[in-house]
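Here is a short briefing on one protein chain. Please look over the sequence and structure first.

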Amino acid sequence: MRRDTIAAIATPPGAGGIGVLRISGPGVPDWLTPLTGRTLKPRRAELVGFLDDNGQVIDRGIALYFPEPGSFTGEAVLELQGHGGPVVMGMLLERVLSLGARLARPGEFSERAFLNDKLDLAQAEAIADLIGSATRSAARAAVQSMEGALSRQVATLQQELVSIRVFVESAIDFPTDEIDFLGESETADQVRSVIGTVADLRARARQGRLLRDGLTLALAGRPNAGKSSLLNALSGRDSAIVTDIPGTTRDLLRERVELDGIPLHLVDTAGLRQSDDRVEQEGVRRARRAVETADHTLLMVDDSAPAGEPLDLPPGIPVTEVHNKIDLSGSPPAIEQAGEVTRVYCSVKTGAGMDLLSSHLKQVAGLQPAGEGQFIARARHLDALARVQHHLEQGLEQLEQFQAGELLAEELRLAQQQLSEITGEYSTEDLLGAIFSSFCIGK
């Protein structure tokens, strides 16, 4: 346990009705009387004066004292809730620092909670995700993670891996005993079962990451195909200038919208065409770059115009063709599959077929009904689960093709280690630093 005492203002900067100062560490019990003029009862809100070093009242508010280990951080904690003026909060912080505390780093309170086994790493990350939630669905999922929805599933997988490892390593250590797992299918079946569980957890984690990070959609196509009109329609406001003059959009225009709880990051781009205009050339270059980096591209097509030469889009990108202006072409609203490309026929102007486009976007996003145990997830969770599945598949291959028990045991060990990275049972200082440095100060 760290033996220094930290302090930070836990409320946002600026004037407000209430300001909160949080203190955590071994110095807290000795500072109760100097700061409040009295001995505070644990876990009881008391109205007190906050005193300076001369015993003068800086402010008057609520003091809450939590002795160790019954606090968020596992250390002695004092919270002072006063008036939220920046001057008075600054004076109060200076007073605490004069007693021997130091300023807390971003996320250090949560880091101490993790180090003192008050919560695991996935739960700690969920705190920051809850604070930064952009939608209600993301907030609800973050609360589920904070309460251990992801951690419990990881713990269950850990137990299953431990059971398999015990059996496999026993067979390796005692080859003369009657433990012939190599000649039986039970071990292989157990590994397959765990692989299936990991694959299911990965799918749910992808949904959780989508709730957190959203889906980036690039709107691409020829000039006047309706890209900016679609941006305005999806965002519900006139964000982009719409004219019948080709090349109106020169730069990238970004909007964020919400689709049934999923954040969509829309990127309107310049019309893709050859041009002698240097500004438009740069716009086209940026448009191609946006298409390359987006999660999905909506290729706008003017359904009322003759089909032109296919656009030279980057290879391998996921694309949906949105055939706009069916009010002019006479095509009915529809959605069809053409090989790997989905085509949606609609009219942004009249709204015909827009419900089909919305349904398709939900499918692209992988939107599923929010069920019990839905959790928030990060890219590192997905990466760790992918590596877990890889190690298990490698181990199963070694078992089935070569009866190599030692190699199976090693792959099981590596898979278990990757799972431990999610909850922080196995972690590095660099990983912890990267995670907690992104938190708010005072959290």
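Strand E3 (residues 46-51) and strand E4 (residues 57-66) pair in the antiparallel sense, with six bridges between them. The model is predicted.

**Sheet**

- E3 and E4 belong to an open sheet of six strands, with the order E3-E4-E5-E2-E1-E6 and mixed pairing.
- E3 and strand E6 (102-103) are the edge strands, and each pairs on one side only.
- Leucine 47 has isoleucine 62 of E4 as its bridge partner.
- Five residues lie between the strands in the hairpin of E3 and E4. There, glycine 55 takes a positive phi near 80 degrees.
- E4 also pairs with strand E5 (residues 77-82), in the antiparallel sense and over five bridges.
- Valine 77 in E5 stands opposite phenylalanine 66.
- Strand E1 (residues 6-9) and strand E2 (residues 19-24) run antiparallel and are joined by four bridges.
- Serine 24 in E2 stands opposite isoleucine 6.

**Helices across the sheet**

- Helix H1 (residues 28-36) lies across E2, E3, E4 and E5. H1 runs at about 85 degrees to E3.
- Helix H2 (residues 86-98) lies across E1, E2, E3, E4, E5 and E6. H2 runs at about 10 degrees to E2.

**Helix pair H4 and H14**

- The axes of helix H4 (residues 121-131) and helix H14 (residues 429-436) come within 10 Å. They cross at roughly 20 degrees, which makes H4 roughly parallel to H14.
- H4 makes the contact through Leu121, Ala124 and Glu125, and H14 through Leu431, Leu432, Ile435 and Phe436.
- By class, the contact of H4 with H14 has six nonpolar residues, one charged residue and no polar residues.

**Largest pocket**

- The volume of the largest pocket is about 700 Å³.
- The largest pocket is lined by 33 residues. Leu299, Met300, Val301, Glu321 and His323 are the closest to its centre.
- At least two lining residues each come from strand E10 (296-302), strand E11 (319-324), strand E13 (341-345) and helix H11 (354-365).
- E10 gives the most to the lining, with five residues.
- By class, the lining has 17 nonpolar, ten polar and six charged residues.

Technical notes. Residues numbered from 1 in each chain as written. Predicted model: local features only at pLDDT ≥ 70, side-chain atom pairs only at ≥ 80, totals over all residues. Heavy atoms only, no water. Axes fitted to C-alpha atoms, helices over the stretch in contact; angles between N-to-C directions. Parallel < 35°, antiparallel > 145°, perpendicular 65-115°, else oblique. Contact = heavy atoms within 4.5 Å. Nonpolar A, V, L, I, M, F, W, Y, C, P; charged D, E, K, R; others polar. 1 Å grid on protein atoms, 1.4 Å probe; cavity = no way out; pocket = protein on both sides within 12 Å on 5 of 7 lines; lining within 4 Å. Points joined across faces, edges and corners; volume = space filled by probe spheres on them. Pairing = 2+ DSSP bridges.
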